[in-house]
Amino acid sequence: MFTDKERVLANEASLTASLLGNGLNALRKADIYNKGLYYQAFFSLSIGIERLLKIILITQYRCAHEGDFPVDLDLKKIGHDLNKLCQRAGVPFEEGSLHERIVSFLNEFAVKSRYYNIDSMLDKKIQYYDPLCQWALIAQDILGTTKRRRTMGNKRELAAMMDSISVIRFHDLQGNEINQAMGLLDKLENRTAVQQYSVQYMFEIIRKLVAEVRRLERVRYMMPVLTEFFTLYGPGLTPSEIRKKRDWLRLY
């Protein structure tokens, strides 16, 4: 039978798992046609990772205090700062790695750049960058780690035909106008690889945090069993399976 605090912790773990799953789903589908999904992904993942880190800190305290819940763990002072939460939880990411850059990006989004669109329209003095531009730089580096195959045959011929019968007006994530078919086809050709590998790197961040929860639960058995809420993020999935998976709210 759960105590009231154990019941609330179970609810928090369920909420966190849903946020992470929704964030990965949105990231898996986001592209220049669906820029709103990027924001949805960044909101869900930044909040989900923040809450997972705070669950870790609470669980670490419980491990050290015979299962008791903390009474003096002031997490409000840290707020949304993912970098500080990682340091305090003892789960740092390798300096200069893509994982660290992604966490720092989500930290920047959580703390301030989520307001970029509104602040820009209000002509405020902005001391931070457009999150889509920043993510585009990370995505380009992610793309550089992949082994891509050419997926479009006769691309030049197809681009010439499209240009002859259509007017193309798109903007990429950095705000650059795409007005020729070749530029659009280049984005389309890379889209799947960017989506798949972005999810893989994000998944690896989450899996590292869940591994800390799993380690703590081996140290001391406590209720609720938190890893039951994060079954997807165990060591079982291979990189290829992670990239192919499209629905992160389902086990299979």
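Which residues touch the most other members of the largest nonpolar core? Leu53 and Trp135 do, in a core of 65 residues. A nonpolar core is a set of buried Ala, Val, Leu, Ile, Met, Phe, Trp, Tyr and Cys residues joined through side-chain atoms within 4.5 Å.

## Basis of the model

This is a predicted model: local features need pLDDT of at least 70, side-chain atom pairs count only at pLDDT 80 or more, and totals for chains, interfaces and linings use all residues. Residues are numbered from 1 along each chain as its sequence is written, and side-chain values use heavy atoms, with hydrogens and water left out.

Six elements each supply at least two core residues: helix 1 (4–29), helix 2 (35–64), helix 3 (82–89), helix 4 (98–111), helix 6 (131–144) and helix 8 (181–219). Helix 8 gives the most, with 13 residues. Helices are DSSP runs (H or I, at least four residues), numbered from the N terminus.

Trp135 is in contact (heavy atoms within 4.5 Å) with Leu27, Tyr38, Phe42, Ile102, Phe105, Ile142, Leu173, Ser198 and Met202, leaving aside residues up to four places away in sequence.

## Helix 6 and its ends

Helix 6 has 14 residues. From first C-alpha to last it reaches 20 Å, close to the 20 Å expected at 1.5 Å a residue. The expected span is 1.5 Å times one less than the number of residues. Its buried residues are Pro131, Leu132, Trp135, Ala136, Ile138, Ala139, Ile142 and Leu143. Buried means under 20% relative accessible area, exposed over 50%, and partly exposed in between (1.4 Å probe, protein chains only).

Asp130 caps the N-terminal end of helix 6. A side-chain oxygen of Asp130 lies 2.9 Å from the backbone nitrogen of Leu132. Thr146 sits in the loop between helix 6 and helix 7 (155–165). Thr146 counts as buried because its relative accessible area is 11%. A polar atom of the Thr146 side chain lies 2.8 Å from the backbone oxygen of Leu143.

## The loop between helix 2 and helix 3

Gly79 lies in this loop. Its relative accessible area is 19%, so Gly79 is buried. Gly79 touches Glu50, Lys54 and Leu85, not counting residues up to four places away in sequence. Gly79 and Glu50 are 29 residues apart in sequence, and 8.8 Å apart C-alpha to C-alpha.

Glu66 is in the loop between helix 2 and helix 3. Glu66 counts as exposed, at 63% relative accessibility. Glu66 has a positive phi of about 55°, although it is not a glycine.

## A cis peptide bond

The bond from Met223 to Pro224 is cis, with omega near -5°. Pro224 lies in the loop between helix 8 and helix 9 (239–244).

Methods
A polar contact is a pair of N or O atoms within 3.5 Å; within protein, one must be able to donate a hydrogen and the other to accept it, and residues adjacent in sequence count only if both atoms are side-chain atoms.
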